[in-house]
Amino acid sequence: LETVVFNLQLALERAEQSGELQRRALALERSNAELERFAFVASHDLQEPLRSVTSFAQLLVKRFGGLEGDPKAAQYLRHIQEGTQRMQNLIQDLLTYARVTAEPRPPARQDTNAVAATALQDLRASLDATGAAVTVFDLPPVMADGTQLRQLLQNLIGNAVKYRHPDRPPVVMVTGEQRGSWVHIDVQDNGIGIPSEYHERIFTVFQRLHARDQYGGTGVGLTIARRIVERHGGQLWVSSDGSNGSTFHLTLPAATD
Ligand code: ADP
């Protein structure tokens, strides 16, 4: 009998512990959601004062011809404009991040090729400026939120062009195939590559391994990309030998009809 009572007590303790764990997980989830909400509101409310700084800087340029007569003042003005542009990009990225974190709309059948074509349209300026050759091979249809799929492809193809090798024009290949109920998509580039110790870290928010002065960027794009893929139940990872380009691999649910 003693053993039975002892075991019962043990079972009760465990049950209590697991209840406590559940409570803690719930509290953590709630504070996480609150934090994300805070980041969204803060980013959103920063837009207005930023707009005013940007437009007054523009007014200065217009009114005083960019302050050319005073090289120091002209340089300060340039710093203000670069700073506000960086801030604008960061706010845009944080808002996009918050948006994809909110529940995605119910996934619908997407013609992945058509969505990839719109993503390329969004990137037209940087593709033209760099002479990038982007080939999208026939991609099977997927079940996804169309806006998020477009954002995902835009982030990955955009990076493939942005982190190009200085000695060769960017060549990007987007391929896909259906395996069972999943579509596997690869975005392969011939850029500067990513050393293996960064393969996981680059998906963390604000993590960048290449100088911002040289490449621009906020360090949020891949966090958004991974969040989108995971919200659809898939996975996103990278392979690269660190010098001969990188390939980003992802999975999304295949279209059912
Ligand atoms: P960013 O806005 O800085 O481009 P991302 O989250 O999109 O932010 O990427 C994080 C970092 O991962 C980048 O700063 C860059 O160092 C690296 N990276 C991303 N894509 C590539 C790529 N295709 N080739 C090489 N490095 C990349």
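This dialogue walks through selected features of a predicted model.

Reader: Which residues of H2 are buried?

Author: Buried means under 20% relative accessible area. In H2 the buried residues are Ala73, Ala74, Leu77, Thr84, Ile91, Leu95, Thr96, Tyr97, Ala98, Val100 and Thr101.

Reader: What do the buried residues of H2 pack against?

Author: Their partners are H1, H5 and H7.

Reader: Take one residue from that list. Where does Val100 lie, and is it buried or exposed?

Author: Val100 is in helix H2. Its relative accessibility is 4%, so Val100 counts as buried.

Reader: Which residues is Val100 in contact with, leaving aside its neighbours within four places in sequence?

Author: Val100 contacts Gln148, Ile224, Arg227, Ile228 and Arg231. Take Ile228. Val100 and Ile228 are 128 residues apart in sequence, but their C-alpha atoms are 6.3 Å apart in space.

Reader: Now helix H3. Which of its residues are buried?

Author: H3 runs over residues 112–122, and its buried residues are Thr112, Val115, Ala116, Ala119 and Leu120. These residues lie on the same side of H3, because they cover an arc of only 145° around the axis.

Reader: What do the buried residues of H3 pack against?

Author: Both strands and helices. The strands are S1 (108–110), S2 (133–136), S3 (142–144) and S5 (182–189). The helices are H4 (124–130) and H5 (146–162).

Reader: Which residue forms a salt bridge with Glu48?

Author: The partner is Arg51, with the closest N and O atoms 3.2 Å apart. Glu48 and Arg51 are three residues apart in helix H1, so about one helical turn separates them. Arg51 is partly exposed, at 47% relative accessibility.

Reader: Which residue pairs with Asp122 in a salt bridge?

Author: Arg150 does, and the closest N and O atoms are 2.8 Å apart. Asp122 lies in helix H3 and Arg150 in helix H5, so the pair ties together parts that are 28 residues apart in sequence. Asp122 is partly exposed at 33% relative accessible area. Arg150 is partly exposed too, at 34%.

Reader: Which residue forms a salt bridge with Glu200?

Author: Arg226 does, with the closest N and O atoms 2.6 Å apart. Glu200 lies in the loop between S5 and helix H6 (212–215), and Arg226 in helix H7 (residues 221–231), so the pair ties together parts that are 26 residues apart in sequence. Glu200 is partly exposed, at 48% relative accessibility. Arg226 is buried, at 16% relative accessible area.

Reader: Which residues are linked in a network of salt bridges?

Author: Glu20, Arg23 and Arg24 are linked in such a network.

Reader: Which residues form a nonpolar patch on the surface?

Author: Leu1, Val4, Val5 and Leu8 form that patch. Together they have about 430 Å² of accessible area. Val4 lies in helix H1, residues 2–64.

Reader: Last, a strand. Where is Thr247 found, and is it buried or exposed?

Author: Thr247 is in strand S7, residues 246–253. Thr247 is buried, with a relative accessible area of 14%. Not counting residues up to four places away in sequence, Thr247 touches Asp186, Val187, Gln188, Trp237, Val238 and Ser239.

How values were computed:
Residues numbered from 1 in each chain as written. Predicted model: local features only at pLDDT ≥ 70, side-chain atom pairs only at ≥ 80, totals over all residues. Heavy atoms only, no water. Patch = residues over 30% accessible without salt bridge, like charges linked within 9 Å, V, L, I, M, F, W, Y side chains within 5 Å. Areas by Shrake-Rupley, 256 points an atom, 1.4 Å probe, with all protein chains shown as cover. Salt bridge = Lys/Arg side-chain N within 4 Å of Asp/Glu carboxyl O. Helix = DSSP H or I, 4+ residues; strand = E, 2+ residues; numbered from the N terminus. Buried < 20%, exposed > 50% of the residue type's maximum accessible area, 1.4 Å probe, protein only. Arc of directions from axis to C-beta. Contact = heavy atoms within 4.5 Å.
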